[in-house]
Structure formats: C-alpha cells, structure tokens
Amino acid sequence: MTHSLLILPGDGIGPEVMAEVRRVIDWFGAQGLSFEVSEDLVGGAAYDAHGKPLSDATMEKAQAVDAVLLGAVGGPQYDDLDFSVKPERGLLRLRKEMDLFANLRPAVCFDALAADSSLKHDVIAGLDIMIVRELTSGVYFGEPRGITEMNDGSRVGVNTQRYTTDEIRRVARSAFELAKKRGNKVCSMEKANVMESGILWREEVQWVHDNEYPEVELSHMYADAGAMQLVRWPKQFDVIVTDNLFGDLLSDVAAMLTGSLGMLPSASLGAPMANGKPKAMYEPVHGSAPDIAGQGLANPLACILSFAMALRYSFNEGAAADQLEAAIQRVLAAGIRTKDIAQGGAFVSTSEMGDAILAELGKGA
Ligand code: NAD
C-alpha cells in the first residue's frame, strides 16, 4: 500500500527540521515502505510566492492525502502583515477546512532525558501518556462573545463554553480508538461539579463508552484534580480526553513534564475519510524559532517524532513507528544532543542529529 503525504516545511527552522524528516522517509522507503510524497508552501513562504499563506491548490492537495506533515510558520518579517494574510492563517485554514477536531499531544519521557525534568526521576521515568484535546469548539469559539460597555461605564467580557452531543462524541471516539492502540484506558476531564457543559461532557463520553467501547477502561476526573494528578503521579494515565480550554492547559503541563520544545510532536485528527483513515495533520509543537533559524541549531526530533505519529495513526505502520522511536531513544542514550537539550554540554547540529538517527535505524534494520 502506498501512503500519500503532503509536506509543508513552512518558515524559519521548518525547512531545516523537515530536511531531516525527508531523509528518514527515504530510509523507510528504501526498506520497502511505499510513500508518495509531495511538497508545497505554507505560511510566510506561501505569502512570498502567492500573496497568501496557503493557496487554494495546496488546500486541495491537503484534503486529498492520507496525512499532512507541517514544519512551522511565522517570523518577524511577517509581523506587520494584515491579519488576514499572516502566516498563522495558513495553519488555521488547514485545521478549519480539514475539520481537525482532535488534537493529540503525547507526553513521553525519554529515559536519557529523565534527569532534565523538574519532577523526580521515578515519577517521570518511562512516562508515556496522550492528551486528546477537543480543538474546534468550546469556549474559544462559543457565542455570544465580546466586550460590552455597560450603562454605568464599566465593561463586561463574555465568552461562552458550548458543546453539542456530536462534538463531544466524536472526540471521545478518537480517544477510545487511540486507547485501543495503547494501554486501553481513557480518563475524561471536565468540571461537571460547576459547569453544565461539564455535566453533558461526562454523560456523553460515558454514552460513547457504554455503547461503542465497553472494552476500554473509562474514568472521569475534575480537570483541576487532573492537573494535580498530572504532576503528582502522571503514570496513572494512558489517554486523557478533555475540552478545548482545559486541554490547552493540561497538554502544556504534561508536555513540560518531559523537557524541551524541540522534543514535542503533535497530531490533529478529523473524521474518517472514504478509506477509513482520519483526516490528519502532524506537526511539531514548536514554532519557526527565528532566533536560531539558518544556524544548524534546531532540534529535528519533534518533527521526526511527528512523522512517527503519522506512521502509527495514519499509515497503520506501528512497527515502523516503534523502530523510529527506539532509534531516537538509543541516540539520546548515547549522549547525542542538539544544543537545546545539551544542558550546556557538547552538542551536534541539526543534520548531525539526522545522521545519528539514520545510523541507528541502519543498525536495527
Ligand atoms: P518558538 O517555538 O519558535 O521558539 C521558542 C524558543 O524555543 C526559541 O528560543 C527557539 O529557539 C526554541 N526552539 C523552538 N523549537 C526549537 C527546536 N526545534 N530546536 C531548538 N530550539 C527550539 O516560539 P516563538 O519564538 O514564540 O515564535 C516564533 C515564531 O513562530 C512566531 O512567528 C510565532 O508566531 C511562530 N509560531 C508558530 C507555530 C507553528 O507553526 N505551529 C507555533 C508557535 C509559534
């Protein structure tokens, strides 16, 4: 089976880290996996070429492939552009038109980096959890919203937390599906003690469990208690599913348990396409890092780990994903570091990190 992939390197360090991903893709290609890779522009690079941060033709391509892999967008040279053509609008258009409602942020602790965590070694070592955040609804989108001036001259700011049955059920299904490929446990987080939308969230997640995924273990937790548990004993969790607002906070907390921005991948998934695979975009959590762009200092691992997620969740190549993640573990265990994770010690360049990963993959092949 051929896996189709659209690569959008973007701006700043995006093209630098993506170059290393391409080498990894070529390596797996040489081992017999079949990829149909196309590449296009997004963000500032697309604005420079077409006057907008994502062309209609690129959008069409994104809709047609099994997965999109994006580097990063943005940079100071685009700061003064009109809001409608800012680089980030390209990213938002992809998320919106592909209707990517489930944002997946893994928090995985690589053994070799456990000492860099702010948590104690035994709390963090071996951590492997996945936060599924609802991405297209909730308080960031609900109406009414706005700032209104009152008769007495004071002002009121309003945002509305709003969720429908369908919005909750579809993201719950994404979480249960993921749990089946992992530790078979889902913990749903909301504030059902003080919010009606939280009561609905809890009831609907329970409904999806009881009717469609009774074999997966489900628990519920208030989001504030969940935040405490995440830093107290994160290994109790496998998959956490939560709404847009709580997910924004909880995924950042979970991510930082494990270290640097340069190590954090993500995926955003939508509804299944005709071929049964979900619409999907994979991207590192970091931005375009203009402060280090062009210097060979970028850590390519977040982007390479995003490709590993594509292997697992879009291409059903779980064994290849395991192989790639294991190679990264071994490279880190050997003390090979880019500057961001070197703790002031010796470090390698972006492409040398790519060399090291390829060399390790070669040993395991
Ligand atoms: P950033 O993530 O680009 O950088 C934050 C810090 O982390 C910087 O010091 C940077 O050097 C470092 N860093 C980030 N990724 C790294 C990597 N792979 N290896 C080593 N160090 C790394 O965030 P920022 O500085 O706030 O934003 C810079 C630009 O990126 C802005 O234009 C912003 O809008 C954009 N941005 C884009 C995305 C995206 O494309 N998804 C996300 C966040 C920010």
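The side chains of aspartate 99 and arginine 170 form a salt bridge, with 3.2 Å from N to O, where a salt bridge is a side-chain nitrogen of Lys or Arg within 4 Å of a carboxyl oxygen of Asp or Glu. Between domain 1 and domain 2 the count is one salt bridge. This is a predicted model, in which local features need pLDDT of at least 70 and side-chain atom pairs count only at pLDDT 80 or more, while totals for chains, interfaces and linings use all residues. Residues are numbered from 1 along each chain as its sequence is written, and side-chain values use heavy atoms, with hydrogens and water left out.

**The domains**
- Domain 1 covers 1-110 + 258-365 and domain 2 covers 128-242, with bounds that come from an automatic or database domain assignment.
- Between the C-alpha centres of domain 1 and domain 2 there are 27 Å, and the contact (heavy atoms within 4.5 Å) takes 16 residues from domain 1 and 15 residues from domain 2.

**The buried area**
- About 1300 Å² is buried between domain 1 and domain 2, 59% of it on carbon and sulfur atoms; buried area is the accessible area (1.4 Å probe) that two parts lose on being put together, summed over both.
- On the side of domain 1, the residues that lose the most area to domain 2 are Phe101, Asn103 and Tyr313, which together make up 44% of what that side buries.
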